[in-house]
Amino acid sequence: MVPTLFGRIQTRLFLLATVGVVVTALIVPVLPGLSGPLSQDYRVAFLVLAAVAVLGVVWELIYHFLMQFRWEKDWPTLFGLLTLVPEGLLLFFLLRSGAIGSLIDPVPPASAFWTQFVVVWICVWLVSNGPMRVPFIRWRFRGGRVL
Amino acid sequence: MVAAAGIPMYDIPFLSVGGGIGSFVTLDYLRVYGVPTSQMRVVSNIDHPWQTYEFLTRCSQIPRPERIRSDSSSRPDNLWGFPSYALEEAWREKNPLFLFQIATEPILNDYWTPRAGTVFRNLEREAKRINYWDMLVKGQVRMVRRRAGGGYFTVVTPPEGTAPTKRIVFRSRFVHIAIGYPGLKFLPDLQEFRQKHGDYQHVVNAYEPHEQVYEFLKTRPGTVVIRGGGIVASRVLQRLFDDREKFGLQTQIIHIFRTFVTGSHGPHIWSRRKGGDGWAYQGFNYPKSVWGGQLKAEMRKLEGPARAQKYKEMGGTNTPWRRHWQEQMRAGRSGGYYHAVQGTVERVERAPDGRMLSYVRSKDGTVREPVSDYIIDCTGLEADIAEHRIFADLLRFGGAYRNPVGRLEVERHFEIKGTASGDGALYASGSATLGGYFPGVDTFLGLQIAAQEIADDLSRRGFCRKMGPLRSTSQWFKWAFNKAV
């Protein structure tokens, strides 16, 4: 899929709300480093997921801008994977620095955060690079728009 | 009138004309949407949909084991594009490197592209699955005309002896025309040489069978002039370099570019294409975003001159940057057997020794007169759409007209503008519709995009049901397990 701006944003929100939610629901009980009650772990994990979605809208604007320097106006598969590094680092920094600490409390330990973040990211990336096209045959021709 | 003339007439709601890959993907879409074979026919003079494509790719030096220039998820046999060809080949050939390549293209690796043989094998499987041959009617379509009561008459000449009359007629509510390229066009100076000397052996088009060139070069050292800077020129060059290496040949290659690209080019930092050594580099025939991204969305809104301008901006002959080709050309330049020059060929004449003498004038005024044993035209010029009788007739009598780049003007859903007839519709897809709201028409994925637009339009008209996520998923499983639709 070669995205348009609205397509990027929609795809991100849609996949986080589906694949992201399912994967998070499955892995929270086995995330390392968590010691609180399970209900609290779930609450924190879904807040982290929501933060990836909200911050992601801003990231998508940046990616769209950077994409303009590419002749083909495409976004290679590899970029979709590697952008987990800056996005993860920024979110981790925001959590640790207390900038969004009041919203996500308690702040998850690094091991739990990175495990959840990387696993969700890879699952979303894999789905967006293939299986997404199975139910949604028009999605790839509309720049990633779901609606 | 038709009945009174004693011409047999057959009623069929949906008729596709052509029988190549354009017809195939459209019928495939409709079959998957749920249309039974009894509702559709395809009239063609070829036996299987990939026949012409395979002929042309083989001539232009892509036999079945070689790779075509097409994206991994552009699968004419699979409208979902999943699993992609890369996944399939990685599985079949037990080669995980393909997966690494597809995940890192085009940054760390060249674009991964499928083998021609993979494409043909899968087309055959899908054609069997959708009962393609139950829908095939052999014949040559003469014309498609609007019918007074709505819909269309399609006049067909069946193969001799297969019908009681010279012509048969189909009466349909919907007709789809996908007859491919109207024809090859030669460079004028080469055409003149061929006609003047009656020599069709030494001046050849890369899309014609021209194996004699390579066979001759195996027998003694020779010189070949290549014209053009596209993918076909790259392919022919590769063959010449490969043969040189494999058989220890002495072939000299002179490559003439009319437009010699020396580096990145384009008016703005946001619209600059890479290039060098004569070539403009691009992964596929069009910038990747024409099949679904930004360019597709932009073009969809443009009309008239603005659309023509956009086509011009993203157009131009180009070829992919492939590591292997770059190495071969580098070796050729340093070894003194590959010479790329800018120039316009003014004329070609017979040299006293019987070989060909090209008069080439460069922009800086230099005149070169290379003598060669063969000239291979790799420019891939296409003939005007009116060269094809069906289009000529539609333009004259059918209400069709030309788009801003001179081909057939179609709607966003690929209905030919000006040809509506009652509750019927006439559609076209493929090369004839280049210049429309969607640019990548003459590609695998472009044909599928057109097919989807057509199928969705037909569902709006009540011919079939629109396919939603549930049916799509269940149909995908049928595809995956090779079960009938």
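Colleague: Not counting residues up to four places away in sequence, which residues does B:L30 touch?

Modeller: This is a predicted model, in which local features need pLDDT of at least 70, side-chain atom pairs count only at pLDDT 80 or more, and totals for chains, interfaces and linings use all residues. Residues are numbered from 1 along each chain as its sequence is written, while chains are lettered from A and ligands numbered from 1 in the order in which they are written. With contact taken as C-beta atoms, placed from the backbone, lying within 7 Å, and with residues up to four places away in sequence left out, the residues that B:L30 touches are B:F14, B:V35, B:M40, B:A455 and B:C464.

Colleague: The largest nonpolar core has 92 residues; which helix gives the largest share of this core?

Modeller: Such a core is a set of buried Ala, Val, Leu, Ile, Met, Phe, Trp, Tyr and Cys residues joined through C-beta atoms within 7 Å, where buried requires 20 or more other C-beta atoms within 10 Å of a residue's own. In this core B:V17, B:L30 and B:A428 touch the most other members. Helices are DSSP runs of H or I with at least four residues, numbered from the N terminus, and the largest share, nine residues, comes from chain B helix α14.

Colleague: Are α1(A) and α2(A) roughly parallel or roughly antiparallel to each other?

Modeller: The axes of α1 (residues 5-27) and α2 (residues 38-67) of chain A, as lines fitted to C-alpha atoms over the stretch in contact, come within 10 Å and cross at roughly 160°. Angles run from 0 to 180 degrees between N-to-C directions, and those under 35 degrees count as roughly parallel, those over 145 as roughly antiparallel. The relation between α1(A) and α2(A) is therefore roughly antiparallel.

Colleague: Which element gives the most to the side of chain B that touches chain A?

Modeller: The contact takes 34 residues from chain B and 25 residues from chain A. Among the elements of chain B that give two or more residues to this side are α4 (97-104), α10 (294-299) and α14. The element that gives the most, with four residues, is α15(B).

Colleague: Does B:F414 count as buried or exposed?

Modeller: B:F414 is found in the loop between α13 (389-397) and β24 (425-428) of chain B, and its phi is near 70°, a positive value in a residue other than glycine. Because B:F414 has 29 C-beta neighbours inside 10 Å, this residue counts as buried.

Key. Parallel < 35°, antiparallel > 145°, perpendicular 65-115°, else oblique. Buried ≥ 20, exposed ≤ 12 C-beta atoms within 10 Å, placed from the backbone. Contact = placed C-beta atoms within 7 Å.
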